[in-house]
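Please read the notes below alongside the sequence and the model. They are numbered so that each can be taken up separately.

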Amino acid sequence: MARELLSCHLWLWIFVCFLLLVNVQHGTCFYLPGVAPEDFHKGDLLPVKVNKLTSTKTQLPYSYYSLPYCHPHRIVDSAENLGEVLRGDRIENSPYVFKMREPQMCNVLCRLTLNAKTAKEFKEKIDDEYRVNMILDNLPLVVPLRRPDQESSLVYLHGFLVGLKGQYSGNKEEKHFLHNHLTFVVKYHRDPVTETSRIVGFEVKPFSVKHEYEGEWDENTRLTTCDPHARKIVSGSEPPQEVEDKKEIIFTYDVEFQESEVKWASRWDSYLLMADDQIHWFSIVNSLMIVLFLSGMVAMIMLRTLYRDISKYNQLETQEEAQEETGWKLVHGDVFRPPENSDLLCVYVGTGVQFFGMILVTMIFAALGFLSPSNRGGLMTAMLLLWALMGLCGGYSSVRLYKLFKGAEWKRIALKTACLFPGIAFAIFFVLNALIWGQKSSGAVPFGTMFTLVFLWFGISVPLVFVGGYMGFKKPVIEDPVKTNKIARQIPEQAWYMNSIFSILIGGILPFGAVFIELFFILTSIWLHQFYYIFGFLFIVFLILIVTCAEITVVLCYFQLCSEDYLWWWRSYLTSGSSALYLFLYAAFYFFTKLEITKPISGVLYFGYMLLLSYAFFVVTGTIGFYACFWFIRLIYSSVKID
């Protein structure tokens, strides 16, 4: 029966992987847009929205109007979901006026004179390489650049730099220059039947231009550096605009419309173009090699334990053969003895099940294309909601295991399951948020959103954990396949390579090795503000991670039992869970080799959030290893008749 169920599940996983591989191979950028396309007639107003200022050097986002940019008569905030607020998005209207398929040249946005304070603000943002983000018809603004290695290929950078630092020829003094002229390119796809158009691209070329004019400034003043009547356009040859006290700055922009063959459903393809897909395939092949190696070891162990050991159990063997082949049977009276700190183990297992359910459902929806980048913040919102709903599974698992240990106070275990991990995570998050708030960054979570998070925790997750705990406690207790002795058996002295710390640290290497290549791209998307949308690859890697965690734990658990060490409960959890340690060490390596973070506060934020991520990874991988070992031990001891 067990083999039939295992075979059924195996074929199901193979079928799912095949579908995902087809999706990855033939539709890398497949997604369900999530929003209906909007048709525009010629002359229709196109609302341009501004978003946060971002920098890879500080990781602290700021609202667009935190700098003295030109602003409309009334600033209106767009509706934001929970994920957008947590990401620091602040979407607002702008003074830019676009009309569909009506090009514009040298539109003057506003004129301002810097003072010491505003000049300092611009200089600080230029020093930290902040980028300005805008949105048109739900498409982010990008700057197209040609790849140095491939002239025919384009790379899209999100947003344009606030400004640049440079020197005049013959002068060694470094100056700050502001990008005050923007040449926008709006790409559209026209329907030949209805003559309506849909926006499929939003690009910009920023320039720094010291605009000049004759006479006194008024509303009708014509610029000599940029004049649509004289057909004088901005190029890179004009003198740049310095950022200094009492400097006058005139903000201008052009709008160009280009017809495109790209259809609306495919407009995100260029943003999500995966030029390095061979690396991801290498990652999967590398991980599959690890899985095949471990599967071979597990198959060998299962053949020895379930066939060779059991069939020869009553046959006469030499003492040396018995020591080698049947060492695991000698601890049958202690292998199901409850471990120390069993309550804490139950809590961590329940928390891991809650996280595992959240990740699995999120991965499936993302791989199928429901969580597209057009829905900003949708991925994070979905994860938070699923985490709260999966409290039902977490409470059930923790209390069910607690009842196996002959526990009676299930409410206490349910409360710990509902509060331990979220409490630690919320405390770290609150401290980090206070640091962000002290920097006056838009990334600081406002009070209303903090209340929403608390409501998700105590209003949804905690009650569901208790409901799941009640259901788990009402279930019949899981019967052990063998009886436990009243007096614990003495564990013989172990070889150095079977030392618990050494075994645990070794066990975490292979699960980390299965995911570390994909981890690089995930960290790049998070900390270098790039799109990550190769969820087909990620889901396959996640399945490989599950198999790797399960198999390495089973292998090391078998060796442990053969050494007559029956303290497997915690070790099975820590064996695969130790991969989180390598994840955190890799995050530290990534910080010092790939990032250019300069401010100490940004370093604290990075390591604080990576600590939370590593903690969650520990809980998930540890739970996978625990359940694999739990199933393996119950299987082998229920298959042997113990006298």
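Which side chain does a polar contact of 3.4 Å join to that of Ser 78?

1. The partner is Lys 49: a polar contact of 3.4 Å joins its side chain to that of Ser 78. A polar contact here is a pair of N or O atoms within 3.5 Å; within protein, one must be able to donate a hydrogen and the other to accept it, and residues adjacent in sequence count only if both atoms are side-chain atoms.

2. On the basis of these notes: this is a predicted model, in which local features need pLDDT of at least 70 and side-chain atom pairs count only at pLDDT 80 or more, while totals for chains, interfaces and linings use all residues. Residues are numbered from 1 along each chain as its sequence is written, and side-chain values use heavy atoms, with hydrogens and water left out.

3. Ser 78 lies in the loop between S1 and H2. Helices (H or I, at least four residues) and strands (E, at least two) are DSSP runs, numbered from the N terminus. Ser 78 has a relative accessible area of 18% and is therefore buried; buried means under 20%, exposed over 50%, and partly exposed in between (1.4 Å probe, protein chains only). Leaving aside neighbours within four places in sequence, Ser 78 is in contact (heavy atoms within 4.5 Å) with Lys 49 and Ile 91.

4. The structure holds 2 disulfides, a disulfide being a pair of cysteine sulfur atoms within 2.5 Å. In one of them, the sulfur atoms of Cys 70 and Cys 110 are 1.7 Å apart. The torsion about this S-S bond is about -70°, so the disulfide is left-handed. Cys 70 is in the loop between strand S1 (45-54) and helix H2 (82-87) and Cys 110 is in strand S3 (residues 104-113), so the pair ties together parts 40 residues apart in sequence. Cys 70 counts as buried, at 6% relative accessibility.

5. Cys 106 and Cys 226 form a disulfide with sulfur atoms 2.1 Å apart. Because Cys 106 lies in strand S3 and Cys 226 in the loop between strand S12 (197-207) and strand S13 (248-259), this pair ties together parts 120 residues apart in sequence. Cys 106 is buried at 7% relative accessibility, and Cys 226 is buried at 2%. With bonded cysteines counted along the chain, the disulfides follow the pattern 1-3, 2-4.

6. A nonpolar core is a set of buried Ala, Val, Leu, Ile, Met, Phe, Trp, Tyr and Cys residues joined through side-chain atoms within 4.5 Å. The largest has 160 residues, and those touching the most other members include Tyr 96, Phe 98, Trp 569 and Tyr 637. Helix H16 (residues 600-638) gives the largest share of this core, 20 residues. Apart from this core lies another, of 8 residues, with Cys 226 and Met 105 among them.

7. Helix H8 (residues 391-404) has 14 residues and reaches 20 Å from its first C-alpha to its last, close to the 20 Å expected at 1.5 Å a residue; the expected span is 1.5 Å times one less than the number of residues. Of its 14 residues, 11 are buried, so H8 is largely enclosed by the rest of the structure. The buried residues of H8 pack against several helices, including H6, helix H7 (378-389) and H16. Cys 393 counts as partly exposed, at 33% relative accessibility. Just after H8, Lys 406 takes a positive phi of about 65°.
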